[in-house]
Amino acid sequence: MNIRWLLMIFYGLFVIWTGLARSVEAHAFKPNAFWFCLITGLLAVSAGYALKAEKRWLGRVLALTATLIVLGYYTFTFINEAESDASTRVALVIIASIGSLCVATLPQRSQDNA
């Protein structure tokens with residue numbers, strides 16, 4: 001049973017939640033965080049739907065694009081702006097992005113062996 005598509009959808013929803021959580025933490029609407037997380041989260045959700053539709057190549061490209069953008073940005077801010085943006089939310093999205101990279105890049109088991 002292939003559940004990569006479901007994991008990618010959950011990852012996308014988690015990234016969207018991360019953008020909303022930033023506004024909640026700051027007690028004010030943060031449009032940069034909201035739009036960044038919404039766009040990359042929707043990329044990850046669309047990757048999940050592409051994987052569900054058996055479009056593996058498109059799904060992997062979308063998943064890798066979304067994950068590498070999110071991982072790169074949050075790792076950069078976690079290291080360079082630690083005094084202002086090093087939080088549990090950022091650490092969790094970095095860990096989830098590493099997991100998403102594993103989901104997107106690990107080889108898929110053959111259906112013959114299942």
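**Helix packing and a cavity in a predicted model**

User: How do helix α1 and helix α2 sit, in terms of axis distance and crossing angle?

Analyst: In this predicted model, the axes of helix α1 (residues 4-26) and helix α2 (residues 31-52) come within 7 Å, and they cross at roughly 170°.

User: Roughly parallel or roughly antiparallel, then?

Analyst: Angles over 145 degrees count as roughly antiparallel, and α1 and α2 are therefore described as roughly antiparallel to each other. The residues of their contact divide into 18 nonpolar, six polar and three charged.

User: Which helix is threonine 40 in, and is that residue buried or exposed?

Analyst: Threonine 40 belongs to helix α2, and the residue counts as buried because its relative accessibility is 4%, where the cut-off for buried is under 20%.

User: What does the side chain of threonine 40 reach?

Analyst: That side chain reaches the backbone oxygen of phenylalanine 36, at 2.8 Å.

User: Switching topic: how many cavities of 30 Å³ or more turn up in the whole structure?

Analyst: The search finds one cavity of 30 Å³ or more, and the largest cavity holds about 60 Å³ of space.

User: What lines the largest cavity?

Analyst: The lining consists of Arg4, Leu51, Arg56, Gly59, Arg60, Ala63, Val103, Ala104 and Gln108, which by class amounts to four nonpolar, two polar and three charged residues.

Key:
Residues numbered from 1 in each chain as written. Predicted model: local features only at pLDDT ≥ 70, side-chain atom pairs only at ≥ 80, totals over all residues. Heavy atoms only, no water. 1 Å grid on protein atoms, 1.4 Å probe; cavity = no way out; pocket = protein on both sides within 12 Å on 5 of 7 lines; lining within 4 Å. Points joined across faces, edges and corners; volume = space filled by probe spheres on them. Nonpolar A, V, L, I, M, F, W, Y, C, P; charged D, E, K, R; others polar. Axes fitted to C-alpha atoms, helices over the stretch in contact; angles between N-to-C directions. Helix = DSSP H or I, 4+ residues; strand = E, 2+ residues; numbered from the N terminus. Parallel < 35°, antiparallel > 145°, perpendicular 65-115°, else oblique. Buried < 20%, exposed > 50% of the residue type's maximum accessible area, 1.4 Å probe, protein only. Polar contact = N/O pair within 3.5 Å; in protein donor to acceptor, adjacent residues only side chain to side chain.
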